[in-house]
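User: I am new to this structure. Please walk me through a few of the labels used for it.

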Amino acid sequence: MTDGRNRQRTLVLLRHAKAEQSRDAPDAERPLTARGHADAAAAGAWLARHGLLPDVVLCSPARRTRQTWHGVALGLAGSPPEGGPAGPAPAVRYEPTAYEAHPDELLELVRSVDPAAGTVLLVAHNPGISLLSALLDPERADPEGMRTTDIVVHHPTTEWAALSRAPLATRHTARG
């Protein structure tokens with residue numbers, strides 16, 4: 001039996017899907033657009049096709065990030081990976097500090113996950129999530145940052161609690 005130290009870890013960063021622009025509601029209450037809902041489901045389907053099923057989901061409590069996670073979950077459930085079922089439901093944590101977070105605050109959230117977790121999905125906002133990706137792999141980060149429903153996959157080589165750098169493996173913009 002392994003103790004988890006040599007286990008492959010995957011950190012999936014997801015910027016929330018396209019949200020409505022509203023001056024009437026508080027920023028945290030802005031909902032997704034129809035395109036945003038479709039893109040979120042497409043993101044989940046892409047994650048499922050690539051076997052990126054999260055053990056833990058860290059999600060900002062803003063309406064648009066919660067709706068993004070809901071769409072991703074629907075996409076994951078509707079597109080099980082080739083050769084197998086979708087797997088157990090992840091532990092979902094709605095983290096108030098993920099809203100308007102700086103990259104170091106997002107990094108602390110990731111460091112706090114269960115050491116046994118293999119794949120962590122972080123659903124958050126710009127600029128924090130783009131800056132976190134750049135912090136983890138400055139050479140490969142997109143200098144323009146992450147667009148709505150951008151997925152960036154990093155592979156940490158340390159335990160979650162010690163995370164400071166993680167090579168960027170792939171990126172994808174989900175569109176429904």
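User: Which residues of H4 are called buried, and what does the word mean?

Analyst: The buried residues of H4 are Gly128, Ile129, Ser130, Leu132, Ser133 and Leu136. Buried means under 20% relative accessible area, exposed over 50%, and partly exposed in between, with a 1.4 Å probe and protein chains only. Helices (H or I, at least four residues) and strands (E, at least two) are DSSP runs, numbered from the N terminus. The model is predicted: local features need pLDDT of at least 70, side-chain atom pairs pLDDT 80 or more, while totals for chains, interfaces and linings use all residues. Residues are numbered from 1 along each chain as its sequence is written, and side-chain values use heavy atoms, without hydrogens or water.

User: What covers the buried residues of H4?

Analyst: The cover includes E1, H3, E4, strand E5 (150-154) and strand E6 (168-173). Contact means heavy atoms within 4.5 Å.

User: Why is Thr149 called buried?

Analyst: Its relative accessibility is 0%. The cut-off is under 20%, so Thr149 counts as buried. Thr149 sits in the loop between H4 and E5. Its phi is positive, about 60°, although Thr149 is not a glycine.

User: Is Glu100 buried or exposed, and how do you know?

Analyst: Glu100 has a relative accessible area of 61%. Exposed means over 50%, so Glu100 is exposed. Glu100 lies in the loop between E3 and H3. Phi of Glu100 is also positive, near 60°.

User: What makes the bond between Asn126 and Pro127 worth a label?

Analyst: That peptide bond is cis, with omega about 5°. Most peptide bonds are trans. Pro127 is in the loop between E4 and H4.
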